[in-house]
Amino acid sequence: GGSGCLPVDGSGRIPYVLFASSLFTALGSGMTVKFFPLYFRSDCNLSPEHVQLIYVAVPFAMVACSALVQRASITLGRVQMIVLCRALGVSLLLLMAILQLHSQYKGTPSIMVPIYIARTALMNSGYPLEESILMDYVPKSSRARWKSLESVSQFGWCGSAAIGGWLGDRYGYSYTFLLTAAIQGSATLLV
């Protein structure tokens with residue numbers, strides 16, 4: 001109601017949980033996302049042209065995955081699909097790290113690029129569902145305030161890139177992938 005208190009059923013917590021989860025996901029993403037092109041260039045020995053082709057393919061994969069996730073959410077539920085997509089995305093990033101650290105497939109583009117594209121599509125496909133949940137649980141008068149909090153996540157995303165750069169230079173990309181997977185996995189558990 002109008003008292004400003006959280007509803008007894010706990011639904012008033014939903015926007016806060018979504019924000020916290022999104023913030024931690026952004027912090028984890030910032031550590032690696034900006035460095036994937038360098039990883040593909042240096043560790044996978046791809047030419048700049050081939051690296052850019054990856055970034056041409058990613059939006060198409062994201063659109064297709066988002067459409068499938070939206071359709072599946074009708075049957076399975078929005079939150080369930082968000083958690084499933086994030087869990088799969090984190091698992092694929094973890095797989096990239098493990099392959100990079102301990103396998104004959106280290107830096108193999110034919111293995112790493114498809115995993116990366118699938119991971120990126122999955123991690124981003126739940127965003128429209130998160131937005132729809134937020135709009136369902138935030139009064140119209142507060143929606144602009146909640147949307148403005150995205151800038152906090154973006155700031156965290158950029159700030160964590162400095163940490164990711166330092167880790168990548170010092171320990172290699174695979175350790176940055178592992179830390180990102182841990183942070184994003186923790187963020188998924190919040191939902």
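## Helix α1 against helix α6

In this predicted model, the axes of helix α1 (residues 14–32) and helix α6 (residues 127–137) come within 9 Å of each other and cross at roughly 150 degrees, which makes α1 roughly antiparallel to α6. Axes here are lines fitted to C-alpha atoms, for helices over the stretch in contact, with angles running from 0 to 180 degrees between N-to-C directions; angles under 35 degrees count as roughly parallel, over 145 as roughly antiparallel, 65 to 115 as roughly perpendicular and the rest as oblique. The crossing of α1 and α6 is left-handed, a term used if the near helix is turned anticlockwise from the far one by less than a right angle, with right-handed for clockwise.

On the α1 side the contact (heavy atoms within 4.5 Å) involves Ile-14, Pro-15, Leu-18 and Ser-22, and these meet Glu-130, Ile-133, Leu-134 and Tyr-137 in α6. The residues of this contact divide into six nonpolar, one polar and one charged, where Ala, Val, Leu, Ile, Met, Phe, Trp, Tyr, Cys and Pro count as nonpolar, Asp, Glu, Lys and Arg as charged, and the others, Gly among them, as polar. Helix α1 has 19 residues and reaches 28 Å from its first C-alpha to its last, close to the 27 Å expected at 1.5 Å a residue; the expected span is 1.5 Å times one less than the number of residues. Among the buried residues of α1 are Pro-15, Leu-18, Leu-23 and Ala-26, buried meaning under 20% relative accessible area, exposed over 50% and partly exposed in between (1.4 Å probe, protein chains only).

The 25 residues of helix α4 (residues 78–102) should span 36 Å, and its end C-alpha atoms are 36 Å apart, which agrees. Its buried residues include Met-81, Ile-82, Cys-85, Arg-86, Gly-89 and Leu-93, and what covers the buried residues of α4 includes α1, α2 (36–42), α3 (48–76), α5 (109–125), α6 and α9 (173–190). Leu-95, also found in helix α4, is partly exposed, with a relative accessible area of 35%, and its C-alpha lies 20 Å from that of Ile-82, 13 residues apart in sequence.

The axes of α4 and α6 come within 9 Å and cross at roughly 145 degrees, in a left-handed crossing. Here Arg-78, Val-79, Met-81, Ile-82 and Arg-86 in α4 meet Leu-129, Glu-130, Ser-132, Ile-133 and Asp-136 in α6, and the residues of this contact divide into five nonpolar, one polar and four charged.

Helix α3, with 29 residues, should span 42 Å, and its end C-alpha atoms are 40 Å apart, which agrees. Its buried residues include Val-51, Ile-54, Val-58, Cys-65 and Val-69, and the elements covering the buried residues of α3 include α2, α4, α5 and α6. Following α3 is Gly-77, whose phi is positive, near 110 degrees.

In the loop between α2 and α3 is Asn-45, whose phi near 55 degrees is a positive value in a residue other than glycine. At 63% relative accessibility, Asn-45 counts as exposed.

## Basis of the values

Helices (H or I, at least four residues) and strands (E, at least two) are DSSP runs numbered from the N terminus. Residues are numbered from 1 along each chain as its sequence is written, and side-chain values use heavy atoms, with hydrogens and water left out. Local features need pLDDT of at least 70 and side-chain atom pairs count only at pLDDT 80 or more, whereas totals for chains, interfaces and linings use all residues.
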